[in-house]
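This report looks at charged pairs and at one residue in a helix. Please keep the sequence and the structure in view while reading.

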Amino acid sequence: MFVHFIDTSIFTNIINVPGKNQQRDAVMKELKDLMRQKDKNALVLPFATIIETGNHIAHCSDGNQRRRIAEKFTECIDKTIHNKAPWQYYGNQLTPEDLEQICGQFPDYAMRGEGFGDLSIIRAYQKYKNETPAIHKIRIWSVDTHLKGIYEETVEPVCLRNRG
């Protein structure tokens, strides 16, 4: 199974958030391709992606657009909650240890213009990879240059000990 962690830069294109949707055609084409092979792919929507996307929507300058996009966003999240979306929600809350690790890295990331949300998505990606033995490949699906292609790897299969 190839797992694709959906970054905010992808989700804002899917939701079609004005000013954050410049790669919409390419993103929607790839989404359709991934959905066609859903037996080989799993899409994962992390909590931070939802929060960041909601923030981008709240900052839309046109009130009518903001309302329309916010309604589309909430419908999409409702489908996610009820397993009717093409992705699954991954919202394991960050532990104090996770926050400690993220905080230790944040000053360096901030100097490169990378946010706390990005670090949260990276941490969720790492946790998911370590907690899910059935995956063969995993990536953070992003159009942001600081994430695109950097977080993509083949995972060694986990051999479970025979307890017989």
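## Salt bridges

K29, D33 and R36 are linked in a network of salt bridges. A salt bridge here is a side-chain nitrogen of Lys or Arg within 4 Å of a carboxyl oxygen of Asp or Glu. Side chains of opposite charge can pair when their charged atoms come close. The structure holds nine salt bridges.

The model is predicted: local features need pLDDT of at least 70, side-chain atom pairs count only at pLDDT 80 or more, and totals for chains, interfaces and linings use all residues. Residues are numbered from 1 along each chain as its sequence is written, and side-chain values use heavy atoms, leaving out hydrogens and water.

## Three pairs

In the salt bridge between R123 and D98, the closest N and O atoms are 2.6 Å apart. This pair links distant parts of the chain, 25 residues apart, with R123 in helix α6 (residues 116-131) and D98 in helix α5 (residues 96-111). Helices are DSSP runs of H or I with at least four residues, numbered from the N terminus. Both R123 and D98 are buried; buried means under 20% relative accessible area, exposed over 50%, and partly exposed in between, with a 1.4 Å probe and protein chains only.

R67 and E71 also form a salt bridge, with 3.8 Å between the closest N and O atoms. Both lie in helix α4 (residues 63-81), four residues apart, about one turn of the helix. R67 is exposed because its relative accessible area is 56%, while E71, at 39%, is partly exposed.

## Residue I10

I10 lies in helix α1 (residues 8-15). Its relative accessibility is 0%, so I10 counts as buried.

Technical notes. Helix = DSSP H or I, 4+ residues; strand = E, 2+ residues; numbered from the N terminus.
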